[in-house]
Amino acid sequence: MRPSWTSAPDRPEDVPELPRPACEHVRYGNTNGQPGHREGAAGLTTHAPHAAQSVTLPASLDEAVAALTAMPAAVPVAGGTDLMAAVNKGRLRPAGLVGLGRINEIRGWQYQDGHALLGAGLTHSRMGRPDFAALIPALAAAARAAGPPQIRNAGTLGGNIVTAAPTGDTLPVLAALEADLVIAGPGGTIREVPVSHLLAGRELLGPAELVGFVRVPLLHAPQVFLKATGRTGPGRATASVAVVLDPARRGVRCAVGAIAPMPLRPLEAERWIGSLIDWDGERGLAPEALAAFGEYVAAACIPDQEGEEQPPPAVLHLRRVVAALARRALGRALS
Amino acid sequence: MSNDAAIAAPAVGGPEQAPPAHGLGAALPQADVRAKTEGTFPYASDLWAEGLLWAAILRSPHPHARITAVDTSAAAGMPGVRAVVTHADVPGDAAYGRGVADRPVFASDIVRHHGEAIAAVAADHPDTARLAAAAITVEYEVLEPVTDPEKAFAAEPLHPDGNLIRHIPLSYGDPEAGGEVVVEGLYRIGRQDPAPIGAEAGLAVPRPDGGVELYTASTDPHTDRDLAAACFGLDSERVKVVVTGVPGATGDREDPGFQIPLGLLALRTGCPVKLAATREESFLGHAHRHPTLLRYRHHASAEGRLLKVEAQILLDAGAYADSSSESLAAAVAFACGPYVVPHAFVEGWAVRTNNPPSGHMRGEGALQVCAAYEAQMDKLAAKLGLDPAEVRLRNVLATGDILPTGQTVTCPAPVAELLRAVRDVPLPPLPKDTPEAAWLLPGGPEGAGEPGAVRRGVGYALGMVHMLGAEGTDEVSTATVKVQDGAATVICAAVETGQGFSTLARQIVQETLGIEEVRVAPVDTDQPPAGPAAHGRHTWVSGGAVERAAKMVRTQLLQPLAHQFGMSTELLQITDGKITSYDGVLSTTVTEAMDGKELWATAQCRPHPTEPLDDHGQGDAFVGLAFCAIRAVVDVDIELGSVRVVEMAVAQDVGRVLNPAQLATRIEAGVTQGIGAALTENLRTARGLVRHPDLTGYALPTALDAPDIRIVRLVEERDVVAPFGAKAASAVPVVTSPAAVAAAVRAATGRPVNRLPIRPQAAVATP
């Protein structure tokens, strides 16, 4: 038998006359240990075969909750951009997976008395599109800024919330919007929880509970999301700021992301700047007022440590970045 | 983006000509480009063999610790585990290393860096292997790590060989010399990772004769084979390294630290064993660019002429020597850059620490000093109130000048021409005529950039590298050319790492023999050695060997015909498979002339020897030099400190353009890697522990970070000692671009920028 080796870095075809590897049984398969095709023994589709002994693909939220109730050790997975990376690294070995990708009811949105009820399965790509941007501009901007297209195509709103990574780009926007989570639980129970409660750990998801929808007020006013990163290409935020205007309540709401385990709200700064804005007139503010707002937000979110005369340079820089982002975000919202 | 520019550029000096379709000077695409684009090109991680086992390596979680006990019994007893090996199972030499064998295969008593290998496991599934590796219990007595290279001199020896790996005190000229203007600086360069796009992988297959075959993406198969064989306790002949597809290599790949455990497991189990490293293991295991601390003092006249350079260079070699000695030689020799310096005193040290290992990476040594000496030139220009390009022009090196090592520059050194070329090309336009929404500001699309806070800066840098091994390394490559049935085959152990050697080899044979169909054989260690794929070696030495072998075949082919027609072989030419004589009397085809014969020829190329640097850093240590000038244009958001490189204008000394398309891609790739070193790439450690060993924490440049790379001039002054007169092109843009970006950020912000990569807090300024 001729060896099936075809390693020539430059020549996919065989070069029969040449010295061949003596070994007859070496050839290329795929990384999963399968000879050249992806379907093999059950469970060998990733490096972690023990990872998913059972995979359920429910078609509705109720079915998903039922599947999780039936198998409490199973883990729900939507886009999998964080979860599957952890599984492939061997850091997580779920006994089972409940895939949420086939639940159509959570992949779109609907309107409900002045609010949008966003499905938790909305992908970042979908939220980045113009029709969505017309509805909730800051959430669309955050979705567009979140990672490369491959990640945005897979990663979902609900996943971003439940993963609760400090750098989750949609989180400061949801915090500023004071969004509520609609959580489905066993036995058809539905409860609503403010997003900040979940992110701060004040309330937790119970067994077999799933975030089904996110209720976001439609404010019909400018909103801005800004994010500072280390490079021009997609990257995790070093700091991010969401500013939303709420003309009905004559308020400015601001949240700062990525600098703490959860988005931070500088409530005093919000109230102060809200009182300065002429809500019935031009809404503009002097550059000094914008700058003061930025400083206020930065000082509130990155306070001086006790007994520390001068914060370290990295902290000073972060404070400067937050101040600049907050000033720019408010300036853009009011312009 | 700049393919057109690159193809057009060589024609600047001469009449406009269409580039040839094949042979030298043709823009021949790489033969594997389609497979690589479509994702069907097989790499080492795609290898598979019947009944293979999977390997996993247990690595140290501590940067410095004493191992008091290793218990493998739990791992060995796990179902599916076939072998567990530790230092006690290494049959041959316990340590290996290029130059100095100071690195143990498996740590036995002391762990010297985070991620050092302690044991390896072979099991029937990769997950089992990993779980088994985790089940090995190692008792450590944690020791204080030495992570500051400045403290390594006085610290307790970390290794029986001591902490000082090499010291070069270069002295050239009069120490008393001085100038009216003095500028000083302290510079720090971070730890760049080669970050190959494919992590390390390989397959070891035991042979019936008790030997082993290693299928890996090695870039230096013969050295790797010899090091591995010594550790296996086998003759070199019984170990064979077969080179697979190489998924990116800007440093050494698949170093013995990966290959030896793999081979040991295959020998132990009698089964093929495969290892596919995770990205984290890859970051922990392979060698990085030397983090460097540099102190400089430049003395110049009031006219801006350099009189004396004093420098101290400290390379952090990590735990083992590897190629640090070579890197230090390059750093010391090029410490003054491509400038004429009458008096130079440069002291360089490479020291051992408990930081991640350092070793060969493109532009080693030269990159770090380039960032420092160019910062010094900017300081000098600022102090004298001169244009930065003008100060440089007053000092540039030319052929015939003497380097601080005492070596006379005999090769072409068109440094002034390169600098003028990048200086005179128009600056990129400001985006003021396009809608503001379309501007790509620092921070990227959807970023926070604000036009009012963005400042544009322009900076220059000149860089130089040496080609081939330095200091007396025996450079030799052997190539065989075979012609049969109108097609030629090249057999040479020069590894195609993506640098384009196999395309070049095809072009050389096409040029010499006029045969269009040329194949390049896969590489293994049954072929004669060709040396590591680094320092432009294969363009020069292996390319030279291929040319000689092709010429010998040509003589064999034409001699009978020439004899028959009573003319010399020089009067016959081969084009498109036809042999014709100068007068047209003879016309036949290659196939006819071959008459079914097979023609083989083997030749060697060995450039002129070099000598080691002596106790004063003097000596003719380098075979050849290559130069580059870059003008960087950057936009800096001075409030956030975010930097976007807008354009890099490159002029390079290439000797001769052998393949314009390939040359352009090499320059673009090099510049982009240099931008990574300038802005984002730094493998951070905290007390010796690697932080964020993943591609999220370690930010490589993306397509959005890569600027317009404008190749404004390729100077083709042939280097008479190099085959074809061509110079290596890959390394010098890597070396030069970080310095150029730093200079541009300096110009935009007015900040000193004395640390690479440039942190955002170093690029903020008050408007």
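Here are some notes on this predicted model, going from chain A to chain B.

1. Chain A, the overall layout. Chain A carries 12 helices and 12 strands. It splits into domain 1 (1-44), domain 2 (54-99), domain 3 (104-217) and domain 4 (223-334). Taken over C-alpha atoms, the centres of domain 2 and domain 4 of chain A sit 37 Å apart. Of its 335 residues, 45% count as buried. If you look at contacts in chain A with a separation of 6 or more, 60% of them come from residues 24 or more positions apart.

2. Helix α10 of chain A. Have a look at residues 267-276, which make up this helix; A:A269, A:E270 and A:I273 are buried here. Those three span an arc of only 100° around the axis, so they end up on the same side of α10(A). As a reminder, an α-helix has 3.6 residues a turn, so residues three or four places apart point the same way. On the face turned away from the buried side you'll find the exposed residues A:L267, A:E268, A:R271 and A:S275. And what covers the buried residues? The cover includes β12 (251-257), α11 (287-301) and α12 (313-334) of chain A.

3. A:K89. This lysine is in the loop between α2 (83-88) and β4 (96-99) of chain A.

4. The nonpolar cores. The largest nonpolar core has 245 residues, and B:A55, B:V121 and B:V490 are the ones touching the most other members. Helix α16 (residues 731-749) of chain B is the top contributor to this core, giving 13 residues. There is also a second, separate core of 91 residues, whose members include A:I183, A:A208, A:A258 and A:Y296. Back to B:A55: leaving aside neighbours within four places in sequence, its contacts include B:A120, B:V121 and B:A122, along with B:P261, B:L262 and B:L265.

5. The annotated stretch of chain B. An unreviewed UniProt entry annotates residues 38-144 of chain B as "domain: Aldehyde oxidase/xanthine dehydrogenase a/b hammerhead". Over residues 38-144 the model has 14% helix and 38% strand, and the end C-alpha atoms are 49 Å apart.

6. A three-stranded sheet in chain B. This open sheet runs in the order β7-β3-β9, with antiparallel pairing. Strands β7 (110-111) and β9 (137-142) of chain B are at the edges with a single partner strand each, so each has one side without a neighbour in the sheet. Strand β3 (residues 65-71) of chain B pairs with β9(B) over 6 bridges, and B:I67 has B:Y140 as its bridge partner in β9(B).

7. Two hairpins that share β24 of chain B. Strand β23 (residues 572-575) pairs antiparallel with β24 (residues 578-581) over 4 bridges, with B:T575 partnered by B:K578. This hairpin has 2 residues between its strands, and B:D576 takes a positive phi near 45°. β24(B) also pairs with β25 (residues 587-589) of chain B, antiparallel and over 3 bridges; here B:T580 stands opposite B:S587. In that hairpin 5 residues lie between the strands, and B:G584 in the turn has a positive phi of about 80°.

How values were computed: Residues are numbered from 1 along each chain as its sequence is written. Chains are lettered from A and ligands numbered from 1 in the order in which they are written. This is a predicted model: local features need pLDDT of at least 70, side-chain atom pairs count only at pLDDT 80 or more; totals for chains, interfaces and linings use all residues. Two strands pair if DSSP finds at least two bridges between them. Domain bounds come from an automatic or database domain assignment. A residue is buried if 20 or more other C-beta atoms lie within 10 Å of its own, exposed if 12 or fewer, and partly exposed in between; C-beta atoms are placed from the backbone. The arc is that of the directions from the helix axis to the C-beta atoms. Two residues are in contact if their C-beta atoms, placed from the backbone, lie within 7 Å. A nonpolar core is a set of buried Ala, Val, Leu, Ile, Met, Phe, Trp, Tyr and Cys residues joined through C-beta atoms within 7 Å. UniProt positions are given in the numbering used here, feature names are shortened, and annotations may be inferred rather than shown by experiment.
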